[in-house]
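Hi there,

Here is the structure I promised to pass on. Have a look at it first, and my notes follow below.

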Amino acid sequence: MKDNKIKDLKPLAQTKFLSIYDARYENKIGNEKHWMIASRKGYDILSDKYFNNKKDEIDAVVIAAFHKESKSLVLVKQFRVPLNDYVYELPAGLVDNNEKAELAVKRELKEETGLKVLEINKKLGNKQLYLSPGMTEESASLVYCTCEGELSTKYLEEDEDITPMLVNKEEAKKLINEDIKIDIKAFMTLQSFALFGEDFFEL
């Protein structure tokens, strides 16, 4: 059993998609401190994770998709309220309750871009990755896949302000040097795609 440094968890604000908690924890020299945690999980689920060793489930999928016909990486440009601006990202979305990650990938790619998943590379993207562990325990699976079809925005939800795009290898090289707002996962994927092209999806 792991050393449990968190001693108590107190909900401060809870909404449908995000909650804020005050965690009372013990630091490395035994002093008690407090830390603010943002989480996708409700109090009961998060408490089970911290105090009962309940398995940590993946919250979201992040999709590194290669469009076969155009030999391009799929990106989205999305308005994000905390930035009050648009930011380049990989397609992504939350995993619904008891939903398999593979189904979430297909659903979210279709919703955000109009594209259809052809094949998911099961040798890559099976790890549970943490997005900003100084602030949240939210985790995601980075899934590599191939896709086909035409870009479309007709499947977007009301609050999704998203422009999907296809970026080929040469465009990726230019984009990583531009002064733009970009998500770190998208930036690192763009860098790898600019270096390796289509081979990046077959590592």
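**What I found**

Helix α1 lies across β1, β2 and β3 and runs at about 165 degrees to β1. Contact here means heavy atoms within 4.5 Å; axes are lines fitted to C-alpha atoms, for helices over the stretch in contact, with angles from 0 to 180 degrees between N-to-C directions. Helices (H or I, at least four residues) and strands (E, at least two) are DSSP runs, numbered from the N terminus.

Before going further: this is a predicted model, in which local features need pLDDT of at least 70 and side-chain atom pairs count only at pLDDT 80 or more, while totals for chains, interfaces and linings use all residues. Residues are numbered from 1 along each chain as its sequence is written, and side-chain values use heavy atoms, leaving out hydrogens and water.

Now the sheet. Its three strands form an open sheet in the order β1-β2-β3, with antiparallel pairing. The edges are β1 (6–14) and β3, each pairing on one side only, and the twist averages 25 degrees from one strand to the next. Two strands pair if DSSP finds at least two bridges between them; β1 and β2 (residues 19–26) are joined by seven. If you want a spot to look at, Ile6 stands opposite Tyr25 in β2.

On to the charged side chains. With a salt bridge taken as a side-chain nitrogen of Lys or Arg within 4 Å of a carboxyl oxygen of Asp or Glu, the count is 16. One of them joins Glu138 and Arg40, at 3.1 Å from N to O. Glu138 sits in the loop between β9 (129–130) and β10 (139–148) and Arg40 in the loop between β3 (32–39) and α1 (43–51), so this pair ties together parts 98 residues apart in sequence. Glu138 is buried, at 12% relative accessible area, whereas Arg40 is partly exposed, at 34%. (Buried is under 20%, exposed over 50%, partly exposed in between, with a 1.4 Å probe and protein chains only.)

Glu137 and Lys41 also meet in a salt bridge, at 2.8 Å from N to O. This pair links the loop between β9 and β10 with the loop between β3 and α1, 96 residues apart. Both partners are buried: Glu137 at 7% and Lys41 at 8%.

Finally, Glu108 bridges to Arg107, with the closest N and O atoms 2.7 Å apart. Glu108 is buried at 6%, and Arg107 is partly exposed at 26%. Shared partners also join Lys41, Lys49, Asp56, Asp59 and Glu137 into one salt-bridge network.

Best wishes
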